[in-house]
Amino acid sequence: MPKFTLKQRLAIALGGFLFFLGLTLLTTVFLFVLRVLDMETFLEPSLVKEALIAIGILDIAAGLLLLFLKPAY
């Protein structure tokens with residue numbers, strides 16, 4: 001198993017976060033197009049704020065795990 005440098009770990013964390021965010025946005029747009037979600041219901045300010053906080057917490061947790069966990073070998 002390869003040993004990653006700090007710069008590589010940050011790149012992996014950023015790439016994973018961008019993939020997650022992109023997949024979430026694509027799924028949301030797909031649900032809007034199919035009219036499963038209503039735009040006014042989804043874009044309430046409190047809901048958007050809570051979603052961004054949740055994504056931020058998950059991003060920080062993933063970054064910390066990548067930075068501080070040692071490889072299992």
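**A first walk through the model**

Reply: Happy to! Let's start at Leu 14, which sits in helix 1. Helices here are DSSP runs of H or I with at least four residues, strands are E runs with at least two, and both are numbered from the N terminus. This is a predicted model, where local features need pLDDT of at least 70, side-chain atom pairs count only at pLDDT 80 or more, and totals for chains, interfaces and linings use all residues. Residues are numbered from 1 along each chain as its sequence is written, and side-chain values use heavy atoms, with hydrogens and water left out.

Me: Okay, is Leu 14 buried, partly exposed or exposed, and what is its relative accessibility?

Reply: Leu 14 counts as partly exposed, at 49% relative accessibility. Buried means under 20% relative accessible area, exposed means over 50%, and partly exposed is in between, using a 1.4 Å probe and protein chains only.

Me: What about Leu 6 and Leu 67?

Reply: Those two are 61 residues apart in sequence and 6.9 Å apart in space, C-alpha to C-alpha. Leu 6 lies in helix 1 and counts as exposed, at 55% relative accessibility.

Me: Let's zoom out. How many helices and strands are there?

Reply: Three helices and zero strands, so from the N terminus the elements read α-α-α. The protein is more spread out than a compact globule, because its radius of gyration is 16 Å, well over the 11 Å that the globule rule gives for 73 residues. That radius is taken over C-alpha atoms, and the rule is 2.2 Å times the number of residues to the power 0.38.

Me: What box do the C-alpha atoms fill?

Reply: Roughly 50 × 25 × 20 Å, taken along the principal axes.

Me: How much of the protein counts as buried?

Reply: Of the 73 residues, 10% do. Thr 28 is eleven residues from Met 39 in sequence, and the pair are 10.0 Å apart in space, C-alpha to C-alpha.

Me: Which residues make the nonpolar surface patch?

Reply: Met 39, Leu 43, Val 48 and Leu 52 make it, with an area of about 350 Å². Patches are made of residues with over 30% relative accessible area and no salt bridge, joining like charges within 9 Å and nonpolar side chains (Val, Leu, Ile, Met, Phe, Trp, Tyr) within 5 Å. A salt bridge is a side-chain nitrogen of Lys or Arg within 4 Å of a carboxyl oxygen of Asp or Glu. Accessible areas come from the Shrake-Rupley method with a 1.4 Å probe, and for residues only the protein chains shown count as cover.

Me: Where does Leu 52 lie?

Reply: In helix 3, residues 45–68. Leu 52 counts as exposed, at 56% relative accessibility.

Me: Last one: what is phi of Arg 35?

Reply: Near 60°, a positive value in a residue other than glycine. Most residues other than glycine have a negative phi. Arg 35 has its place in the loop between helix 1 (6–33) and helix 2 (39–42), and counts as exposed at 74% relative accessibility.
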